[in-house]
Amino acid sequence: MREINITGGGLAGLALARLLRRESLAVTVVEAGAYPRHRVCGEFINGLSEGEIDALELKGVVAGQPRHRETVWYCGDRLAGRRELPTPAIGISRWKLDADMAADLVARGGVLKCGERGAVDAAAEGHVLTCGRRRGPARWLGLKAHYTDLQMFCGLEMHLGNGGYAGLTAVEGGRVNVCALLPAAAAARVGAASALPAALRRVGLDALARRLENAQVDDASVTGISHLSLGWDRTGSGGSLTLGDRAAVIPPFTGNGMSMAMQSALCAAPFLTAWAFGEMPWPDVVRRTREAIRRRFARRMSLAPKVQPFLIAPGLRRLSPLLLRSGVLPFEWLFHRLR
């Protein structure tokens with residue numbers, strides 16, 4: 001039986017490793033950081049079916065977490081609409097989720113090496129890359145922070161600004177995760193408690209910025225990423241097998257990034273299992289996994305970039321409240337098409 005090595009201990013890497021351990025395969029995850037840790041992420045799971053949650057064995061991990069059944073959308077300081085979610089969203093921080101999945105992997109007999117970087121050839125047989133997002137042009141900035149004592153109008157809030165947006169999610173322990181996708185020109189010094197409110201003001205989200213300034217920020221949770229690349233990995237990554245954000249990053253307004261990372265693991269696991277037992281050559285594993293991921297995500301990855309400009313482009317954004325209220329942007333239809 002062949003060993004599988006995974007570089008990157010985020011959602012895709014940990015989900016894949018746990019799936020492989022269920023088949024009693026030898027698997028090692030190499031993670032540059034340590035757990036628990038904060039990540040730039042919307043921090044809610046929405047888009048996984050009950051069958052997928054069962055297959056990923058997540059029920060125990062997400063038990064007792066907040067379930068959000070409604071979302072509100074704002075355009076600047078104006079309420080654009082309130083909608084019931086077709087399926088509930090599970091609010092859970094990456095601080096908790098990644099750490100719980102990592103501990104579960106070790107309990108299953110998987111090997112987890114923290115504070116290290118993968119040293120093997122990325123294109124080597126049996127090696128899977130799930131490490132980090134690809135760097136893109138200096139266009140987008142991602143910022144995130146946790147707040148307490150923050151008044152919420154709904155379990156999930158979306159705030160559309162001029163060229164960027166922010167999402168609020170209630171997670172465990174009375175905390176609210178605030179995560180924003182902003183133009184690079186809105187960059188504020190990451191790590192400062194004022195970073196996120198200052199950046200939000202630069203895209204016209206003054207009311208939200210004031211709410212954050214009147215709440216209590218967890219300074220250690222303030223995290224940012226620059227040169228964020230959205231879309232498919234156009235490089236092909238050579239002969240490497242890539243999953244999660246390394247393979248594709250969907251625009252965050254969809255609220256589907258966490259689900260996609262774990263769904264990519266579900267796509268890859270059967271082929272990796274076949275390779276480990278000597279039943280499939282490695283090039284076929286890479287090809288068939290890529291094809292499965294493309295089939296699974298093609299529709300949403302095509303539609304999301306077309307919708308995003310209508311939400312944040314200064315000229316088009318003025319129409320967003322009308323489009324949302326009138327049904328020209330049908331919420332339920334978009335919800336299902338983006339999942």
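Colleague: What do the numbering and the cut-offs rest on?
Modeller: Residues are numbered from 1 along each chain as its sequence is written. In this predicted model local features need pLDDT of at least 70 and side-chain atom pairs pLDDT 80 or more, while totals for chains, interfaces and linings use all residues, and side-chain values use heavy atoms, with hydrogens and water left out.

Colleague: Which peptide bond is cis, and what is its omega?
Modeller: Most peptide bonds are trans. Pro36 lies in the loop between strand E2 (27-31) and strand E3 (44-45); helices (H or I, at least four residues) and strands (E, at least two) are DSSP runs, numbered from the N terminus. The cis bond runs from Tyr35 to Pro36, with omega near -10°.

Colleague: Where is Glu57, and what is its phi?
Modeller: Glu57 belongs to the loop between helix H2 (50-55) and helix H3 (59-62). Its relative accessible area is 33%, which makes Glu57 partly exposed (buried is under 20% relative accessible area, exposed over 50%, partly exposed in between, with a 1.4 Å probe and protein chains only). Glu57 is not a glycine, yet its phi is positive, near 55°.

Colleague: Is Asp149 buried or exposed?
Modeller: Asp149 is in the loop between strand E8 (140-148) and strand E9 (156-160). Its phi is positive, about 55°, although Asp149 is not a glycine. With a relative accessibility of 68%, Asp149 is exposed.

Colleague: How many residues of E9 are buried?
Modeller: Leu156, Met158 and Leu160 point one way from E9, and Glu157 and His159 point the other way. Residues on both sides are buried. The count for E9 is 5 of 5.

Colleague: Which residue of E9 is the bridge partner of Trp73?
Modeller: Strand E4 (residues 67-75) pairs with E9 in the parallel sense over 5 bridges; two strands pair if DSSP finds at least two bridges between them. Within E9, the partner of Trp73 is Met158.

Colleague: Which residue in E10 stands opposite Met158?
Modeller: E9 and strand E10 (residues 165-170) run antiparallel and are joined by 5 bridges. Their hairpin has 4 residues between the strands, and Gly163 there takes a positive phi near 95°. Opposite Met158 stands Gly167.

Colleague: How many aromatic pairs does a search of the whole structure find, and how far apart in sequence are the parts tied together by Tyr74 and Phe153?
Modeller: Rings of Phe, Tyr and Trp (its six-membered ring) pair if their centres lie within 6.5 Å; planes under 30 degrees apart are stacked, over 60 edge-to-face and the rest tilted. The search gives 3 pairs. One of them is Tyr74 with Phe153, tilted, at 6.3 Å centre to centre and 50° between the planes. Tyr74 is in strand E4 and Phe153 in the loop between E8 and E9, so the pair ties together parts whose separation in sequence is 79 residues.

Colleague: What is the angle between the planes of Trp275 and Trp282?
Modeller: Both Trp275 and Trp282 are buried. Their pair is edge-to-face, 5.2 Å centre to centre, and the planes make an angle of 70°.

Colleague: Which residue lies over the face of Trp232?
Modeller: A charge sits over a ring if NZ of Lys or CZ of Arg is within 6 Å of the ring centre and within 35 degrees of the ring normal. Arg339 lies over the face of Phe335, at 4.0 Å from the ring centre. Over Trp232, at 3.9 Å from the ring centre, lies Arg294.
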